[in-house]
Amino acid sequence: MVTVCPECNTKLKIDESRSTDEPVKCKCPKCGAILLARKSNADDMVEKARRLAKTVMSDIALYNSNVVEDAIRNDTFFDILGDEIREGAKLYNSRVSPEVKAKGDYYREAIEEFLRKKREELGL
Ligand SMILES: [Zn+2]
């Protein structure tokens with residue numbers, strides 16, 4: 001598990017075996033700040049970001065349902081829905097903390113997952 005020191009923004013690796021649902025107290029090796037790392041909290045935040053990304057993506061698909069399938073068939077999904085995808089990214093970025101963003105691009109994942117499922121549905 002990785003956490004970020006709130007004092008100096010150094011990324012700290014924390015031994016997984018030490019982490020439980022209880023916060024783990026650790027000392028930043030760079031600035032000496034004492035911080036509390038919560039494994040379950042970090043995991044929750046990732047889960048929330050994933051859910052948000054999926055919701056944003058399914059809203060885009062819903063509001064553009066008349067063009068989505070053709071766009072996927074014609075491989076023009078990112079051209080036709082570029083504005084919507086950028087708007088969605090703004091929303092996603094405004095709600096997800098930098099700490100979670102550092103763990104992965106869950107918005108991109110949600111888009112790719114959506115495209116994969118749609119292609120399967122469409123037999124592509
Ligand atoms: Zn620090």
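Helix 6 covers residues 106-121 of this predicted model. Helices here are DSSP runs of H or I with at least four residues, strands are runs of E with at least two, and both are numbered from the N terminus. The expected span of a helix is 1.5 Å times one less than its number of residues. For the 16 residues of helix 6 that gives 22 Å, and the end C-alpha atoms are 22 Å apart, which agrees. Tyr106, Tyr107, Ala110 and Ile111 are the buried residues of helix 6. Seen down the helix axis, these buried residues fall within an arc of 145°, so they line one face of helix 6. The arc is taken from the directions that run from the helix axis to the C-beta atoms. An α-helix has 3.6 residues a turn, so residues three or four places apart point the same way. The face turned away from the buried side carries exposed Glu112, Arg116 and Glu120. Burial is counted on C-beta atoms placed from the backbone: a residue is buried with 20 or more others within 10 Å, exposed with 12 or fewer, and partly exposed in between. Gly123 follows helix 6 and has a positive phi, near 70°.

The largest nonpolar core has 10 residues: Ala49, Ala53, Val56, Met57, Tyr92, Val96, Tyr106, Tyr107, Ala110 and Ile111. Helix 1 (39-63) and helix 6 each supply at least two residues of this core. A nonpolar core is a set of buried Ala, Val, Leu, Ile, Met, Phe, Trp, Tyr and Cys residues joined through C-beta atoms within 7 Å. Contacts are defined by C-beta atoms, placed from the backbone, that lie within 7 Å. Neighbours within four places in sequence aside, Ala49 is in contact with Val96, Val100 and Tyr106.

Glu84 sits in helix 4 (residues 82-95). It counts as partly exposed because 17 C-beta neighbours lie inside 10 Å. Leaving aside neighbours within four places in sequence, Glu84 is in contact with Ile60 and Asn64. Glu84 and Met57 are 27 residues apart in sequence, and their C-alpha atoms are 9.3 Å apart.

Asp105 lies between helix 5 (98-101) and helix 6. With 14 other C-beta atoms within 10 Å, Asp105 is partly exposed. Asp105 and Cys28 are 77 residues apart along the chain, and 26 Å separates their C-alpha atoms. Asn9 lies between strand 1 (2-4) and strand 2 (11-13). Its phi is positive, near 65°, in a residue other than glycine. Asn9 is exposed, with 12 other C-beta atoms within 10 Å. Asp75 occupies the loop between helix 2 (65-73) and helix 3 (77-80). Asp75, also not a glycine, has a positive phi near 60°. With 9 C-beta neighbours inside 10 Å, Asp75 is exposed.

The chain has six helices and four strands. Their order along the sequence is β-β-β-β-α-α-α-α-α-α. The radius of gyration is 19 Å, well over the 14 Å that the globule rule gives for 124 residues, so the chain is more spread out than a compact globule. This radius is taken over C-alpha atoms, and the rule is 2.2 Å times the number of residues to the power 0.38. Buried residues make up 13% of the 124 residues. The domain assignment, automatic or from a database, gives domain 1 (2-37) and domain 2 (41-121). Their C-alpha centres lie 31 Å apart.

Residues are numbered from 1 along each chain as its sequence is written. In this predicted model, local features need pLDDT of at least 70 and side-chain atom pairs count only at pLDDT 80 or more, while totals for chains, interfaces and linings use all residues.

Technical notes:
Contact = placed C-beta atoms within 7 Å.
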